[in-house]
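Have the sequence and the model open while reading.

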Amino acid sequence: MIKHLKIYSIVFAIMFLFGCIDNSIKDLKSGDICSIVNDSITYGVIKILAIEDSVMHLKLYRNKYIHLPDQTDLSDLSMEPDTVNLDFGVAHLVVTKHSFIKWKPAFLKHEDVSIDESKTIEDWKNKQINNQ
């Protein structure tokens, strides 16, 4: 009986854990701008360009913050390289949903995905097809 109770407890814990992981990003959508945890002392900002079955297409801004950014911090978002701190943005980054969750995304605001941003994804997909 105790053995079965332990097994049920483990199964329940796994189901709970995966349920929490799914819930942490289930409300996010294309165009959402979120803060992310870079490391133990800085935060970054990403824009979700598209969400597919197992991957996320993201735009990573070069900006870093020592505090959790809010909407007032977003006026200076940039992709341009910072030659002093050697920070840079990434126009299109593809990560698995599992990896994205580890960044602890927090919604900040929504901004529609531009035509240029959508084209970046389509160009990437076409390159993936041509490389197969």
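Trp103 is partly exposed, because its relative accessible area of 23% falls between the limits for buried (under 20%) and exposed (over 50%), taken with a 1.4 Å probe on protein chains only. Phe100, at 0% relative accessibility, counts as buried. The model is predicted, so local features need pLDDT of at least 70 and side-chain atom pairs count only at pLDDT 80 or more, while totals for chains, interfaces and linings use all residues. Residues are numbered from 1 along each chain as its sequence is written, and side-chain values use heavy atoms, with hydrogens and water left out.

**Aromatic pair**

- The count of aromatic pairs is 1, where rings of Phe, Tyr and Trp (its six-membered ring) pair if their centres lie within 6.5 Å.
- Phe100 and Trp103 form an edge-to-face pair, with 6.0 Å centre to centre and 65° between the planes.
- Edge-to-face applies to planes over 60 degrees apart, stacked to planes under 30, and tilted to the rest.

**Sheet layout**

- An open sheet is built from 5 strands in the order S4-S3-S2-S1-S5, with antiparallel pairing.
- Strand S4 (90-96) and strand S5 (106-110) are at the edges with a single partner strand each, so one side of each has no neighbour in the sheet.
- On average, neighbouring strands of this sheet are turned by 35° against each other, direction ignored; axes are lines fitted to C-alpha atoms, and angles run from 0 to 180 degrees between N-to-C directions.
- Strands are DSSP runs (E, at least two residues) numbered from the N terminus, and two strands pair if DSSP finds at least two bridges between them.

**Strand pairings**

- S1 (residues 32-37) runs antiparallel to S5, and 4 bridges join them; Ser35 stands opposite Ala106 in S5.
- S2 (residues 43-51) is joined to S3 by 5 bridges, and the two run antiparallel.
- A hairpin of 3 residues connects S2 to S3, and Ala50 has His57 in S3 as its bridge partner.
- S3 also pairs with S4 in the antiparallel sense, over 5 bridges, with Leu60 opposite Val90 in S4.

**Burial of strand S3**

- Strand S3 (residues 55-60) is mostly covered, with 6 of its 6 residues buried.
- On one side of S3 the buried residues are Val55, His57 and Lys59, and on the other they are Met56, Leu58 and Leu60.
- Both faces of S3 are therefore covered under the definition of buried used above.
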